[in-house]
Amino acid sequence: MLKIKNLKAGVEGNQILKGINLEVNAGEIHAIMGPNGSGKSTLSAAIAGSEEYEIEGGVISFEGENLLDLDPEERAHKGVFLSFQYPVEIPGISVSNFIKTCISEKRKAQELGPMATSDLLKMMREKMELLNIKAGYLSRNMNEGFSGGEKKRNEIFQMAMLEPKLAILDETDSGLDIDALRIVANGVNKLRRKDNATIVITHYQRLLDYIVPDFVHVLYDGKIIKSGGKELALELEKKGYDWITKEIK
Amino acid sequence: MGEKKKESEEKLLEKVTSTEYKYGFTTDIESEKIQKGLSEDVIKTISKKKNEPLWMLEYRLKAYKIWLKMDEPEWANISYKKPKYQDIIYYSAPKQKPVLDSLDDLDPEMKKTFDKLGISIDEQNRLANVAVDIVMDSVSVATSFKKTLAEKGIIFCSISEAIQNHPELVRKYISTVVPIRDNYFSALNSAVFSDGSFCYIPKGVKCPMELSTYFRINEAGTGQFERTLLIADEGSQVSYLEGCTAPMRDENQLHAAVVELIALDNADIKYSTVQNWYPGDKNGNGGVFNFVTKRGVCHKNAKISWTQVETGSAVTWKYPSCILKGDNSIGEFFSVAVTNNLQQADTGTKMVHLGENTKSTIIAKGISAGKSEGNYRGLVRIAKGAAKSRNFSQCDSLLMGDKCGSHTFPYIEVKNNSSKVEHEATTSKIGEDQIFYCNQRGIGTEAAIALIVNGYCKDVLNQLPMEFAVEAQKLLEISLEGSVG
C-alpha cells in the first residue's frame, strides 16, 4: 500500500529525514518509535504533504502513485489520514459542519453525488457510539475549548467518519490520561480492517499495550535503524534508546 | 517558506486580482432622464415629475440651500476622487407602466436581470414568504404581498407613494432622526432623493413576514439617492431586509442613501443589509461610492438591531446608529465588512445612550484581503442622564495576505459613573496550520478559507434571517475568492 524509498526532507537546509525506507501493507499496524528530534513528526507531515518541510529526495508511493506529486487535499481524497499531535481550533465551525464539508469535498473529488443528510447523521451517531462520545458534541466548535483528551478523540472520530485506507496517528497518546488512552485505542482497534493500515507514531510503549503492532521501527537521527516485531517495543522500553544506538555502533 | 508555497501564493494572488465581478452587466431598458447637474430648476423638475405636494418641494429646496453651504467631509480614513456633483444625473426612471398589479407585469428584460442576480422573485414570494419591493434605478417597479399587509394595517410602499397617500406620517417623521443638516450627504439626499421605501407598522402589530427591498443601480452615470423611512408604532415588531447589487461601470457611481428608523415605545425593529455593489476592478477603476447615513431612534423599552454584511463598493462610509432615547431601550449592531483588492471601508456604528438603563451591543468583524483598507469607527456615548447603562463592544479584524490594512477607531464617552462599558478587540490572520489541517481532511485551500471565514463571521451571520444568511455566505465566498491565507 505505502512504499517509502530513500526519503530525505528538512527545513531551510537542515536535513531531518536522512533516507527513510518503509513498506506498509493493507491490514498491518506499524509502530514508529524514537526519541525527541528523531524525525517522527517530520515523517508524518511529509506523508500528509505539509509545506513546512521541503522534500529533498526520494519517493512516497501510495497504491502505485507518487504522493509527492499531489496536494495535501488530494492525498486525503486518496485515503491518507493524519491524526494531528496538536489539532487546531476552527472557531465558529461545528464538528458536524466540518465533517460534512470534509465528506462532501471528498465525494466531489471522487465524482460521487452528495451524501444524504439523514445518512450522514446516521453514520455520525454510529461512530459516536463506537467511540463513547456523548450527544451535544457535534454542535461544539472544532476543538474550541476541548480538553487534550477531547481533541484526540475528535481526531479519531474524524478518522472513523472518513474511513481512510492509511491512518497515521502522530503521538495520539501524548497528553492523554489512562482512561482517555484506552478509549482512543479501543476506537482505533474497532476501526481496524483487512483493507486498511495504520502507522502509530509514539514515544512510549504504553500505547502499544492497547494498539498491538505487527511491526515496530526505531527512528533515530532521521533513519530507521532497527525494525522488528512487537517485542522490540518492550525491549526498547526496558533498555532505553541508548541500547540500540550502542548496538549499532 | 518553500518555493512551492511561494509559487502557489503567487498563483492565488493572481487569481484574486483576476476574479471579475460576477454581477457586472447592464439591462437594456429605456430610461427617462433629466439633464445632468444640480440646481433649483432640477429639483423643481424632480418634484414635478413625481407630482409632489408643495411642502415636499419646499423641503427639498431648503435642503439644497443647506447643502450648498456645507463641505464634503474628509475625516474618514479613506481617499477617493470627489465626485463632480454637476456631472451627475439626479433623476432616472425606467420607462414603463409605473404601477403594477402583480409581479407578472414586470418588464421581461428587467426580470432577466433579477434572474441573473439569482433573485428569483417568484421563488422568493413562494418559498420565503417575503414581500419584495424592488427599486431599480429610482422608481419602485413592483410591490407584492400588499394585501396581506394591508389587512393588518401595515403600510409598505415606495416613499413617493407614501408622500402622495400618507403625507401626515411622512411629514411627521421625515428628518426627525437624521436632520437635513446632519451631514453633507444627508443634505444632498434630502434635496434630490428619488425614491426608496416607506413602512409603517401600527400599534401592537407583529409584521407577519420579512419585508424586503432590493436596490440596484442601473443607468450609467446615475446617482442613486434612496430614502427609507420606517416607523414601528408602540408595541409593534418588524424585520426588514435590504439587499444590493449593481452592474459594472467604468466611472464611479455615487450612492448616498438615508435610512431613518423610529421605534416607538416597546417596538422592535430588526434591519438587515447585504451590500454587494460593484467594488471596482483590480486596479481600482470604477466601483460604487457608498456614503450612507442610517440611524434609528428608540423610545421607551424599544429595540433596534442593525445587521449588515458589506462586501461591495469601492469606498464605503457608513455608520448605522442607534439613539437610545427612552429608558430601558436596546441598540444592537452586528457587522461583517469585507474589503478586497483596492476597496476601502470606514464603517462602524454610534450608540448614543440618553435614557436610563439603556443597553447596547456592538459586534463588528472586519476582513481585509488584497491591498484593501478596512476601518472600524465606533462611538459609544453615555450621557449624564443615562444612569445604569451598559455597552459591550467587540471588534475583530481578520487579515489575509500581507498587503492589506485594518484599523480600529473606538470612541468612548461616559458622563456618569453608574454605567459600564466594555470593549474587546482582536486582530488575527488565518493560520497556515488551520489551512493545512483542513487540507489534510480533504478540503482545498479556497474552500478552507471560506469555511474559516464563515466560522469567524458566525456570530453576525446568525443574526440574519435564514434565506439571507445563505446568500450572505455565498457572497463572502465570492468576495474572497483566491484570497491568500
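Which residue stands opposite Ile168(A) in S10(A)? I looked there first, and Ile199(A) stands opposite Ile168(A).

**Ground rules.** I am working on a predicted model, where local features need pLDDT of at least 70, side-chain atom pairs count only at pLDDT 80 or more, and totals for chains, interfaces and linings use all residues. Residues are numbered from 1 along each chain as its sequence is written, while chains are lettered from A and ligands numbered from 1 in the order in which they are written.

**Sheet in chain A.** Strand S9 (residues 166-170) and strand S10 (residues 197-202) of chain A run parallel and are joined by 5 bridges. Helices (H or I, at least four residues) and strands (E, at least two) are DSSP runs, numbered from the N terminus. Two strands pair if DSSP finds at least two bridges between them. I then read off the strand order of the open sheet of 6 strands in chain A, S6-S9-S10-S3-S11-S12, with mixed pairing. Strand S6 (80-83) and strand S12 (223-228) of chain A are at the edges with a single partner strand each, so one side of each lacks a neighbour in the sheet.

I checked two residues of chain A. Most residues other than glycine have a negative phi. Asn143(A), not a glycine, has a positive phi of about 60°. I found Asn143(A) in the loop between strand S8 (141-142) and helix H5 (148-162) of chain A. Asn143(A) is buried, with 21 other C-beta atoms within 10 Å. My cut-offs are 20 or more other C-beta atoms within 10 Å of a residue's own for buried, 12 or fewer for exposed, and partly exposed in between, with C-beta atoms placed from the backbone. Glu163(A) also has a positive phi, about 45°, and lies in the loop between H5 and S9 of chain A. Glu163(A) counts as partly exposed, with 16 C-beta neighbours inside 10 Å.

**Strand S14 of chain B.** Buried or exposed? I had to look at S14(B) residue by residue. Of the 8 residues in strand S14 (residues 303-310) of chain B, 8 are buried. Lys303(B), Ser305(B), Thr307(B) and Val309(B) point one way, Ile304(B), Trp306(B), Gln308(B) and Glu310(B) the other. Strand S12 (residues 268-276) of chain B pairs with S14(B) in the parallel sense over 8 bridges, and Gln275(B) stands opposite Glu310(B). Strand S17 (residues 330-339) of chain B runs parallel to S14(B) too, joined by 8 bridges, with Phe334(B) as the bridge partner of Thr307(B).

**Helix H9 of chain B.** Helix H9 (residues 184-192) of chain B has 8 of its 9 residues buried, so H9(B) is largely enclosed by the rest of the structure. Phe185(B) and Leu188(B) are among the buried ones. I listed some of the cover: helix H2 (40-49), helix H3 (54-68) and strand S8 (227-232) of chain B are included.

**Where the chains meet.** I counted 20 residues of chain A in contact with 21 residues of chain B; contact means C-beta atoms, placed from the backbone, within 7 Å. Helix H2 (72-78), strand S7 (90-94) and helix H3 (95-109) of chain A each supply at least two residues of the side that touches chain B.

Key:
Contact = placed C-beta atoms within 7 Å.
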